[in-house]
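Keep it short, and give the cut-offs.

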Amino acid sequence: CYPLLKGTVAVLKWRRKERMFLEGEKIACRSSQDSYCFFSRQTFEKLLIANRGEIACRVIKTCKKMGIRTVAIHSDVDANAVHVKMADEAVCVGPAPTSKSYLNMDAIMEVIKKTRAQAVHPGYGFLSENKEFARRLASEGVTFIGPDTHAIQAMGDKIESKLLAKNAKVNTIPGFDGVFELLSNCSPLLGYPVMIKASAGGGGKGMRIAWDDEETREGFRFSSQEAASSFGDDRLLIEKFIDNPRHIEIQVLADKHGNALWLNERECSIQRRNQKVVEEAPSTFLDPETRRAMGEQAVALAKAVKYSSAGTVEFLVDSSKNFYFLEMNTRLQVEHPVTECITGLDLVQEMIRVAKGYPLRHKQTDIPINGWAVECRVYAEDPYKSFGLPSIGKLSQYQEPLHVPSVRVDSGIQQGSDISIYYDPMISKLITYGSNRAEALKRMEEALDNYVIRGVAHNISLLREVIVHPRFVQGDISTKFLPEVYPDGFKGHKLTDLERRELLATAASLYVAEQLRSQRFLGTARIPVAKSKRSSWELSVRLGDGIYPVAVSKDGSSFSVEVDGMKLNVTSEWNLASPLLSVTVDGTQRTIQRLSRNASGDTNIQFLGTVYKLQILTKVAAELSKYMPEKAAEDTSSILRSPMPGAVVAVSVNPGDTVSEGQEICVIEAMKMQNSMIAAKTGKVKAVHCKAGDTVGEGDLLVELE
């Protein structure tokens, strides 16, 4: 259970049927010690979650705590999903495409009638900010766990919300006060750069930055298509792009009785493709005065639209701490756990209480900032491709780092789960908490090292590099952090000389430990009469472009390893069956993962978050390996392969066409994000191997040039 705020006491009522305690609701009376009294009050008997994955699991957990029965919906490919197993009831609403399942209002309404659910929690994404869905629920007498249709309409439409924000005296970004229609030239009106974004959008979808007229036209095309695909609304707005800002948001909570609170801020500036990657609460940048000003403006906006539920007001903040309204999300935000960690509130529970009509239990002075929380979004993505292109596959091995202290993992998958092209590639939200920022970051570093994910590419290497980077540690961040720190793209961790020696010594010790293990059978030598007295090994280890001689000698349960003329002591339990290995090199503890190995000496080791490819051979084998021919690398200048799994949206060329370097060849959509594939050189199209509507995998051949 979530902790109660300081100064409160709870009277819990035992519910015999569910064999659990129900947390009570605050009433108006106070005790002589000025502590709140709680008594049990019923909210809903049955609630349907109109979502999937981790957020559906998150809502179910709170419902179980409150004694509410739950109904899960799922597509046919999600029949064995974790949220389906967690719920009391589960009903299929259609095939895999979201338009036929999780966005299928008719099917969902039918399930609500069939199961007699009294309320619906929409989570985030999908129908969470769809006013028509909320209206249909209201017409059937079903409670929508969120604001009313007026607030959804007002704040869900970025054009209308900006006008309302102006009237509520909230700072806004200069831009057009209306729907953006493609003009021949926008520069004289606003000046470049500009931000084009979906009026009904969120989550970074349908957003493009344009620096000139050509990029504006291209951005208009892609943004309108993504907006239509994700939200069923292709309207766009355009506003001045604030260069190099911070993205800081305020969590608000309001009831149906005119009460509203701001629950402090979340720092969300680490982003790729306008989607958040790392979040934290509070922000290192805000002083108490700025925090209060932002919070008061957020509450003023919420009251202006008679908002009731949890919501988030997002701001862009410049280097002088001037802040500008960006948008309001009328739903539970992905990164809400960091707010829960520092305030002690369960936001899902508060949303359910508010929807039932209860007033807020707390006043603004009750809301604390206790400690520090950091959240990393763990995605099934290849971070070496544009900071993260989607990866699909089955999780062959999966182990969350819950043994690390003060770690929370919000996930909706398990070992054996499939990551498909149909939905968001998020694996989980990894949250760590500490009494201060340094403690929270240290725990995050440890948690990332102890997170086991096999079967799909993932972004743990990028996340770990971000949280240990000196700029991030100092709080010197903006929404341009990733392109500024990695101007040539993310390449993984760059080893120092000491770290390189640690990795070589660890890899060599692993090799020898395995050789020794292979000589034994159930703790006994395989051939008892042939006792091996070998205690030293001369190896050759290839790492990157370098080949390093390494000498290993056994010293009891440890290994003495000589690398670059320096001796290192390597100790471990050497449990080679475990996915995690704790290794100590000269007193420095590291948690590593050996991902793969083969008979040719090739091995992949995850060290400091990054996977390194090594080849470990004996000195004799290394001498002979130079006679082995190497496979020639493929010439990719005349071919175009898909960099990710996805669906072909459009093909812009035909065989015989002449294309220029940088010209668009086709468009691939992966997880609702559209990506333009361009020609690497000027030439004539020899063959086209795809058409609109095709599903392609990573590495599939799309187009050939002569």
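Arg594 stands opposite Ile605 in strand S35. S35 covers residues 602–607 and runs antiparallel to S34, with four bridges between the two strands. Strands here are DSSP runs (E, at least two residues), helices are DSSP runs (H or I, at least four residues), and both are numbered from the N terminus. Two strands count as paired if DSSP finds at least two bridges between them. The hairpin of S34 and S35 has four residues between the strands. Gly601 takes a positive phi near 90° in that hairpin.

This is a predicted model: local features need pLDDT of at least 70 and side-chain atom pairs count only at pLDDT 80 or more, while totals for chains, interfaces and linings use all residues. Residues are numbered from 1 along each chain as its sequence is written, and side-chain values use heavy atoms, with hydrogens and water left out.

S34 (residues 588–597) also pairs with S33 (residues 581–585), again in the antiparallel sense, over five bridges. Thr584 faces Gln589 of S34 across this pairing. Two residues separate S33 from S34 in their hairpin. Asp586 sits in the turn with a positive phi of about 50°.

**Salt bridges**

The structure holds 43 salt bridges. The criterion is a side-chain nitrogen of Lys or Arg within 4 Å of a carboxyl oxygen of Asp or Glu.

| Pair | N to O distance |
|---|---|
| Glu267 and Arg246 | 2.9 Å |
| Arg273 and Glu381 | 3.9 Å |
| Arg500 and Asp497 | 3.9 Å |

Glu267 is buried at 2% relative accessible area, and Arg246 is buried at 7%. Buried means under 20% relative accessible area, exposed means over 50%, and partly exposed lies in between (1.4 Å probe, protein chains only).

Arg273 and Glu381 form a salt bridge. They link distant parts of the chain, 108 residues apart. Arg273 is in the loop between S14 and strand S15 (275–281), and Glu381 is in strand S19 (residues 381–382). Arg273 is partly exposed at 29%, whereas Glu381 is buried at 3%.

Arg500 and Asp497 are three residues apart in helix H16 (residues 497–518), so about one helical turn separates them. Arg500 is buried, with a relative accessible area of 15%.

A network of salt bridges links Glu249, Arg266, Lys276, Glu279, Glu314, Glu335 and Arg377.

**Helix H9**

The buried residues of H9 include Arg291, Met294, Val299 and Leu301. Among the elements that cover the buried residues of H9 are helix H5 (149–156), helix H6 (158–167), S13, S14, strand S16 (309–317) and strand S17 (323–329).

**Surface patch**

Val620, Leu624 and Tyr627 make a nonpolar surface patch of about 370 Å². Patch residues have over 30% relative accessible area and no salt bridge; nonpolar side chains (Val, Leu, Ile, Met, Phe, Trp, Tyr) are joined within 5 Å, like charges within 9 Å. Areas come from the Shrake-Rupley method with a 1.4 Å probe. Tyr627 lies in the loop between helix H17 (619–625) and strand S37 (639–641). Tyr627 is exposed at 63% relative accessible area.

Conventions. Contact means heavy atoms within 4.5 Å.
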